[in-house]
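User: I have a chain open and a few things to ask about it. Can we go through them one by one?
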Amino acid sequence: QVQLVESGGGLVQPGGSLRLSCAASGTIFSPNVMGWYRQAPGKQRELVAIIANGGTTNYANFVKGRFTISRDNAKNAVYLQMNSLKPEDTAAYYCYAYIKTDYWGQGTQVTVSS
């Protein structure tokens, strides 16, 4: 059974930084795609950033220049470095992986507030 375990969320002031981590376990395959989505209260889940196992990335426009996604294929891990955080970045952030089907983590809360 594939599991995605996230860590790194928390409370940060506007302009601050956080780094999210996610590791996939229970699989011998390297995920074709890994990434991050987020969901704020009352809103639909939306793409933040994804990265293919070859390193190709795709970012939502609202995070370009502020967030950086990376992965470690040897560890089946994906990371999201978030800089210049804004209150509107407040949401639950979900790790995503595609290994023949979609897998999701349980989510980690990011709150940006003074």
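User: Is K100 buried or exposed?

Analyst: This is a predicted model. In it, K100 has a relative accessible area of 65%. The cut-off for exposed is over 50%, so K100 counts as exposed.

User: Where in the chain is K100?

Analyst: K100 sits in the loop between β9 (91-98) and β10 (102-104).

User: What about the phi of K100?

Analyst: The phi of K100 is positive, about 70°, although the residue is not a glycine.

User: Which value does phi of N76 have?

Analyst: Phi of N76 is near 50°. That is a positive value, and N76 is a residue other than glycine.

User: And where is N76 found?

Analyst: N76 belongs to the loop between β7 (67-72) and β8 (77-82).

User: Buried or exposed, for N76?

Analyst: N76 is at 10% relative accessibility. Buried means under 20%, so N76 counts as buried. K100, by its 65%, is exposed.

User: New topic, R66. Where is R66 found?

Analyst: R66 lies in the loop between β6 (57-59) and β7. With 10% relative accessibility, R66 counts as buried.

User: What lies 2.8 Å from the side chain of R66?

Analyst: The backbone oxygen of F62 does; the 2.8 Å is its distance to a polar atom of the R66 side chain.

User: Which residues does R66 touch, leaving out those up to four places away in sequence?

Analyst: With those left out, R66 touches Q81, M82, N83, S84, L85, K86 and D89.

User: Now the whole chain. How many helices and strands?

Analyst: There are zero helices and eleven strands. Read along the sequence, the pattern is β-β-β-β-β-β-β-β-β-β-β.

User: What is the radius of gyration?

Analyst: The chain has 13 Å. A compact globule with 114 residues would have a value near 13 Å, so the two agree. Along its principal axes, the C-alpha trace spans about 45 × 25 × 20 Å.

User: What share of the residues is buried?

Analyst: Of the 114 residues, 39% count as buried. The chain exposes about 6,100 Å², and carbon and sulfur atoms supply 47% of that area.

User: What about contacts between residues at least 6 apart in sequence?

Analyst: Among those contacts, 52% join residues at least 24 apart.

User: Last one: how many positive and negative side chains?

Analyst: The chain has 10 positive and 6 negative side chains. The centres of the two sets lie 3 Å apart.

Notes:
Residues are numbered from 1 along each chain as its sequence is written. This is a predicted model: local features need pLDDT of at least 70, side-chain atom pairs count only at pLDDT 80 or more; totals for chains, interfaces and linings use all residues. Side-chain values use heavy atoms; hydrogens and water are left out. Helices (H or I, at least four residues) and strands (E, at least two) are DSSP runs, numbered from the N terminus. Buried means under 20% relative accessible area, exposed over 50%, partly exposed in between (1.4 Å probe, protein chains only). A polar contact is a pair of N or O atoms within 3.5 Å; within protein, one must be able to donate a hydrogen and the other to accept it, and residues adjacent in sequence count only if both atoms are side-chain atoms. Contact means heavy atoms within 4.5 Å. The radius of gyration is taken over C-alpha atoms; the globule rule is 2.2 Å times the number of residues to the power 0.38. Accessible areas come from the Shrake-Rupley method with a 1.4 Å probe; for residues, only the protein chains shown count as cover. Lys and Arg count as positive and Asp and Glu as negative; His and the chain ends are not counted. The place of a charge is taken as NZ of Lys, CZ of Arg, CG of Asp or CD of Glu.
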